[in-house]
Amino acid sequence: MALINTNDIHPTPMNDKRALVKFAGTGREAKEVIIGPGSTYGDLLNFLNLYGDDYYISKDGSPTTALRKNQVIYPHIEDGETLYVTANVDAGIIL
């Protein structure tokens, strides 16, 4: 299990929430994480070693439901919820 360190932000380990992070479209193994108050989606992506704007996290794998990287995760998830990491993919024809 992995821990996002939020001790510098809000040290409330009794209120931490667990989430299972699945990686859509890859063979990467799902990872259980502990998310504390103050953790952002960007913190979670960085913790998972996913950098830049190449990935998004959502509850259903859809980019339309993804939250911004600087938005705090904690109030938007329930304990035990599954989150999906998906790669941003540009589709179309280059002329």
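Here are some notes on the fold, the charged pairs and a few individual residues of this predicted model.

1. **Ground rules.** The model is predicted, so local features need pLDDT of at least 70, side-chain atom pairs count only at pLDDT 80 or more, and totals for chains, interfaces and linings use all residues. Numbering starts from 1 along each chain as its sequence is written, and side-chain values use heavy atoms, with hydrogens and water left out.

2. **Overall layout.** The chain has 1 helix and 5 strands, in the order β-β-β-α-β-β along the sequence. Helices (H or I, at least four residues) and strands (E, at least two) are DSSP runs, numbered from the N terminus. Of the 95 residues, 35% count as buried; buried means under 20% relative accessible area, exposed over 50%, and partly exposed in between, with a 1.4 Å probe and protein chains only. Among contacts (heavy atoms within 4.5 Å) with a separation of 6 or more, 65% come from residues 24 or more positions apart.

3. **Strand 2 and its partners.** Two strands pair if DSSP finds at least two bridges between them. Strand 2 runs antiparallel to strand 3, with 5 bridges joining them, and parallel to strand 5, again with 5 bridges. On the strand 3 side, Leu20 stands opposite Glu32. On the strand 5 side, Ala19 has Glu81 as its bridge partner.

4. **Two faces of strand 2.** Which residues make up the covered face of strand 2? They are Lys17, Ala19, Val21 and Phe23, while Arg18, Leu20 and Lys22 make up the uncovered one. As background, side chains in a regular strand alternate between the two faces of the sheet.

5. Glu81 pairs with Lys59, and here the closest N and O atoms are 3.6 Å apart. The pair links distant parts of the chain: Glu81 belongs to strand 5 (residues 81–87), whereas Lys59 sits in the loop between strand 4 (55–58) and strand 5, 22 residues apart. Is Glu81 buried or exposed? Glu81 is buried, at 18% relative accessible area, while Lys59 is partly exposed at 40%. In general, side chains of opposite charge can pair when their charged atoms come close.

6. **More on Glu81.** The Glu81 side chain also reaches the backbone nitrogen of Glu78 at 2.8 Å. That is a polar contact: a pair of N or O atoms within 3.5 Å where, within protein, one must be able to donate a hydrogen and the other to accept it, and residues adjacent in sequence count only if both atoms are side-chain atoms. Leaving out residues up to four places away in sequence, Glu81 touches Arg18, Ala19, Leu20, Lys59 and His76.

7. **Charges over rings.** The charged end of Lys17 sits over the ring of Tyr74, 4.2 Å from its centre. Arg28 does likewise with Phe23, its charged end being 4.2 Å from the ring centre. The criterion here is NZ of Lys or CZ of Arg within 6 Å of the ring centre and within 35 degrees of the ring normal.

8. **Ile57.** Ile57 is in strand 4 and is buried, with a relative accessible area of 2%. Its contacts, apart from neighbours within four places in sequence, are Tyr41, Leu44, Leu45, Ala66, Leu67, Leu83, Tyr84 and Val85. From Ile57 to Lys69 the C-alpha to C-alpha distance is 8.7 Å, across 12 residues of sequence.

9. **Pro63.** Pro63 lies in the loop between strand 4 and strand 5 and counts as exposed at 53% relative accessibility. Pro63 and Val85 are 22 residues apart along the chain, and their C-alpha atoms are separated by 9.9 Å.

Key
Salt bridge = Lys/Arg side-chain N within 4 Å of Asp/Glu carboxyl O.
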